[in-house]
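Here is a friendly walk through one protein model, meant to be read with the structure open beside you. Let's go through it piece by piece.

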Amino acid sequence: MFHTPVIASSPQAVSATLIRWLLVAGLASLLLRFWIAATFPISGDEAFFYWWGVYPDWGYSDHPPMVGWLIALMRATLGDSTGSIRLPAVLLPLALGAALWWALAPLDRVRAAWAVLLFWLAPLNWLYAIITTDTPLIFWSMLSVAALMRAEQRTRLDRTAYGLYALSGIFLGCAFLSKYFSVVLGLTYLLYFLGYRRERLAGLGLLVACALPGPAINIAYNASHGWSNIMFNVYNRNQDAAFEWRKPLLYVGMMAYLATPVAVWLAVKHRQALRASARSHRLLACLVVVPLLFFMLLSAKKVIGLHWVLSFYPFGFAWLAFALPADRLKTCAKGLALFAGLHVVVVAGLYLTTLDTWRHAKIYPQIVRSVKTADILRQAEHPGAVLMADSYTAASIYGFERRQYMPVFGVGRFHARQDDMLVDFSLYQGRSVRILTPDKPDPQAFKPYFDSVAVLSFIQDGVPFYVVEGSGFNYPAYRQGVLGEAFRQFYNIPAWLPMTGCPFCERYCGQVRCPR
């Protein structure tokens, strides 16, 4: 257990061979991530979050603010480029490996080194170069766990132990300001302390107290912004949640892939060793088992995204490194290296393709939009006209290329609500508007909002794109027909939630809370 005295069970030094494995895996994966970051077109999520960095705030429509703060920091220090905003994701596996080593080395330096190596050999760490809200979540979660592990290794509740508990809490608060999945980490801590460390509940109390500023900031932001995070994460995105057998089956399959076939095989074969290790390293086991069970229960109604579990991903490899017989660790590393190598081969094959290779693929229009963004915009733009898109992904990608925020015309989906905070459509009254869309539009759907409407089209690399050109934008009609529908769909804010502000409502009806 992590409350035993800090005595290494394996006093030997880390072998030169293992150090070489670590250097090769760390450097090779880093170079691949740099290559992907430098050459891969901006993704829809990245382009969407980019604007959070352009307009830093205490929160955003979908999530807490940390990824926006991170992008703002990268833009301010290293410049406004794709490589700049992706750099944290490129360096993340190295930082996680360092934190994992710091947390586990006092227990067993050799096993800790194997834990880092197994984690670095996981294919995902070779490909993770796209920044998401999970990038800061994973980072702060790992730091919180590492600090807690070091605190639990202290034999007495001395000043150093309390300092580490406080540090773990601060990092947990930062994780909460990254994404709400940090709550699962907090639940893991609670169950661990109640189950195994009741004598150290004072340490847990200090941890929680130091984490509270994170939720406090988020609550204050939500109260002044129509509880946008709660509406998105709790209500709007879960309206159609229902049980389907495919959902838990997809979750099991995804976890088997993330863990890798060789790790799953060795875990099953040496399950007795894993159980024995769980008794010796209870916190580590809790960090694996509690999130696994939590997401399994959630998968009954929700499709669990691959990125949802990534803040707990390193601990599975660490548990394996501390549980497997010493002679099986090399087998695990070789299997992981082979599996990662297959992914590298696939990536290399993708880079050997051309745009024409994908011409008959279903995703070809999206590829053209990402690769030929500048050419598409040149055909769609017109002097004096306000350019908009019909979806937040397209608007974010086009806006990133122009370095000018592009509004979304229409009701949009529950994901697109950042527009409600940034865009005041009344400013476009009487203006000419061009709406770029990949689908052939129905002019009748746009006529209520303009004096006149025309539909234009053009071809980009074999893909048709359409432009709805509206002259004389009619904001009162748009307010009633589009913003009114958005209000009915996405702003059914529970009456029991106190509100001090709501940018959308204040523009829509002039009040903090619009009457329904």
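This is a predicted model: local features need pLDDT of at least 70, side-chain atom pairs count only at pLDDT 80 or more; totals for chains, interfaces and linings use all residues.

## Helices lying on the sheet

Strands of a sheet pair through backbone hydrogen bonds, and the pairing can be parallel or antiparallel. Both kinds can be found here. β1 and β2 (residues 433-437) run parallel and are joined by four bridges; to find this pairing on screen, look for Val-386, which stands opposite Val-433 in β2. β3 and β4, on the other hand, run antiparallel and are joined by ten bridges. Ser-457 has Tyr-466 in β4 as its bridge partner. β3 and β4 also form a hairpin, with two residues between the strands. In that turn, Asp-461 has a positive phi of about 50°.

## Two helix pairs

Two packed helices are described by the angle between their axes and the distance between the axes. Helix α4 (residues 82-104) packs with helix α7 (residues 134-152) at an angle of about 10°, and their axes are 9 Å apart. Angles under 35 degrees count as roughly parallel, and α4 and α7 are therefore roughly parallel to each other. On the α4 side, the residues in contact include Leu-92, Leu-96, Leu-100 and Trp-102; the α7 side brings residues including Ile-138, Phe-139, Met-142 and Leu-143. Sorted by class, this contact of α4 with α7 has 17 nonpolar, one polar and one charged residues.

The other pair is α10 (residues 201-211) with α11 (residues 213-223), whose axes come within 5 Å and cross at roughly 35°. Ala-209, Cys-210 and Ala-211 of α10 make the contact with Pro-213, Gly-214 and Pro-215 of α11. Five of these residues are nonpolar, one is polar and none is charged.

## The largest pocket

How much space lies in the largest pocket? The answer is about 940 Å³. Its lining is made of 27 residues, and those nearest its centre are Ile-36, Phe-40, Pro-41, Leu-350 and Tyr-351. Two or more lining residues come from each of α1 (16-39), α18 (326-351) and α19.

By class, the lining of the largest pocket has 17 nonpolar, eight polar and two charged residues.

## The second largest pocket

The second largest pocket holds about 660 Å³ of space. It is lined by 26 residues, and Met-255, Ala-259, Val-288, Leu-292 and Gly-316 are the closest to its centre. The elements that give two or more residues to this lining are α13 (246-259), α14 (261-269), α15 (271-280), α16 (282-298) and α17 (313-323).

Which helix gives the largest share of the lining? That is α16, with seven residues. The lining of the second largest pocket divides into 24 nonpolar, one polar and one charged residues.

## Cavities

Across the whole structure, a search finds five cavities of 30 Å³ or more. About 120 Å³ of space lies in the largest cavity. It has 16 lining residues, and the closest to its centre are Ser-61, Ser-228, Arg-417, Met-421 and Tyr-491.

At least two lining residues of the largest cavity come from each of α12 (228-235), α22 (418-422) and α24 (503-508), and α12 has the largest share, with three residues. By class, the lining of the largest cavity has eight nonpolar, five polar and three charged residues.

Key: Residues are numbered from 1 along each chain as its sequence is written. Side-chain values use heavy atoms; hydrogens and water are left out. Two strands pair if DSSP finds at least two bridges between them. Axes are lines fitted to C-alpha atoms, for helices over the stretch in contact, and angles run from 0 to 180 degrees between N-to-C directions. Angles under 35 degrees count as roughly parallel, over 145 as roughly antiparallel, 65 to 115 as roughly perpendicular and the rest as oblique. Contact means heavy atoms within 4.5 Å. Ala, Val, Leu, Ile, Met, Phe, Trp, Tyr, Cys and Pro count as nonpolar, Asp, Glu, Lys and Arg as charged, and the others, Gly among them, as polar. On a 1 Å grid over the protein atoms alone, a cavity is a set of points where a 1.4 Å probe fits but cannot get out, and a pocket is an open set with protein on both sides within 12 Å along at least five of seven lines; lining residues have an atom within 4 Å of a point. Grid points are joined across faces, edges and corners, and a volume is the space filled by probe spheres set on the points.
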